[in-house]
Amino acid sequence: MDIQADVGDKLENVSDPGVDIMATLKDVARKAGLSVTQVSRALNNHSDVSARTREHVQAVARSLGYQPNLSARKLVSGRSGMVGLVVPRSPDLASDGLFMEVVAGLSTHFSAREMQFVVHVAQEGEPILPVYRRLIGNGALDGFVLIDPEDNDERAAFLTELDVPFVVHGRIGENPVHPYFDIENESIFFELTDHLLSLGHRRIALLNGVEGRSYVGARLRGYLRALAGAGVDADKAITRNCKMTEAFGLVSTVDLFSPGGDAPTAIICGNVRIAKGVYQALQALGLTVPGDVSVMAHDDHLGNLQTAAFYPALSVTDAPLRDSWEPLAGCLADAITGAPLSKLQLIGSHQFRFRRSTAAPQS
């Protein structure tokens with residue numbers, strides 16, 4: 001007899017007078033054709049349960065309307081089944097489409113694992129580590145998702161020191177020792193730069209994200225490695241860093257083509273929003289794509305920007321951000337149950353989509 005499962009089952013049967021008794025762990029086990037122990041471990045995302053069994057048990061639980069009692073779960077397993085995302089407040093947070101996509105995607109996939117996902121918005125300017133300390137201290141959360149990591153991320157160092165499970169959307173440092181899901185940012189920007197070099201471009205501008213972000217550094221390394229491999233000297237005058245917005249692309253392009261400067265013949269954009277601003281600026285300046293300037297970007301599939309609908313159609317490396325949420329949820333769930341690090345470091349794929357925004361430079 002599994003004492004832990006039996007205790008949890010009894011606690012989940014407690015209800016107020018006049019309230020119908022909900023489905024129990026034993027009901028789920030009976031319909032699934034498994035033992036209570038197997039069902040309990042599947043619903044708690046233990047790493048020794050196969051994905052097929054976990055999906056079968058979750059489907060049966062949903063069909064019966066089974067709702068795990070969080071207090072019982074905490075008593076039995078020492079875990080609440082709740083995980084969190086902590087973000088600082090900003091003036092445009094409520095209207096930030098990217099943030100809403102992150103929250104919706106993670107919430108959906110944690111819910112599919114019978115876990116609750118909590119978003120905690122810190123006060124604007126509030127030190128972030130005391131927020132984590134409070135959330136850890138009350139025992140409400142089992143682990144955290146970290147987004148937008150920095151090169152020396154204090155959140156990761158703090159959680160590591162306290163042995164609190166977490167997963168990072170991205171990698172911190174060149175040899176990370178934490179769970180993560182990421183794409184090969186360095187390779188992607190090497191490929192973008194190398195393609196333009198192969199067409200004959202030698203002055204290639206890079207419009208990158210905010211300095212200090214891990215992915216921004218990786219992208220710069222890929223760009224510089226491709227230039228060095230082709231024997232081309234890097235020129236800091238044609239690289240820019242800022243929050244990756246349409247306005248950044250527009251203003252940077254106007255600056256790059258200001259009179260008297262040595263203008264680039266190609267531009268690489270950190271995302272499609274930047275590329276939209278670049279297209280607008282080039283049109284205003286009377287320059288054509290790709291006749292005067294070739295343009296390429298990395299496409300995260302943000303918002304309603306369809307790169308094939310750009311005129312001319314934009315050449316991109318393609319890795320939808322939405323493909324991150326399921327593996328991030330899985331990594332954190334498995335980290336909480338003690339899976340080895342080798343199974344908690346995942347890399348997503350990307351594709352090249354060559355279209356009409358690149359050509360050889362005019363002689």
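Predicted model: local features only at pLDDT ≥ 70, side-chain atom pairs only at ≥ 80, totals over all residues.
**Exercise 1. Find the cis peptide bond at Pro312 and locate the residue.**

Step 1. Tyr311 and Pro312 are joined by a cis bond, with omega about -5 degrees.
Step 2. Pro312 lies in the loop between β9 and β10 (315-318).

**Exercise 2. Glu114 and Asp163 have positive phi. Decide for each whether it is buried or exposed.**

Step 1. Phi of Glu114 is near 60 degrees, and Glu114 is not a glycine. Its loop runs between α6 (97-112) and β2 (116-122).
Step 2. Glu114 has a relative accessible area of 16%. Buried means under 20%, so Glu114 is buried.
Step 3. Asp163, also not a glycine, has a phi of about 60 degrees. It belongs to the loop between α8 (154-161) and β4 (166-169).
Step 4. Asp163 reaches 70% relative accessibility. Exposed means over 50%, so Asp163 is exposed.

**Exercise 3. Which residues of helix α3 (residues 36-43) are buried, and how are they arranged around the axis?**

Step 1. The buried residues are Val39, Ser40, Ala42 and Leu43.
Step 2. Down the axis of α3, the buried residues fall within an arc of 165 degrees, so they line one face.
Step 3. An α-helix has 3.6 residues a turn, so residues three or four places apart point the same way.

**Exercise 4. Describe the nonpolar surface patch that includes Val254.**

Step 1. Leu250, Val251, Val254 and Leu285 make the patch, about 300 Å².
Step 2. Val254 is in helix α11 (residues 246-256). At 39% relative accessible area, Val254 is partly exposed.

Conventions. Residues numbered from 1 in each chain as written. Heavy atoms only, no water. Buried < 20%, exposed > 50% of the residue type's maximum accessible area, 1.4 Å probe, protein only. Helix = DSSP H or I, 4+ residues; strand = E, 2+ residues; numbered from the N terminus. Arc of directions from axis to C-beta. Patch = residues over 30% accessible without salt bridge, like charges linked within 9 Å, V, L, I, M, F, W, Y side chains within 5 Å. Areas by Shrake-Rupley, 256 points an atom, 1.4 Å probe, with all protein chains shown as cover. Salt bridge = Lys/Arg side-chain N within 4 Å of Asp/Glu carboxyl O.
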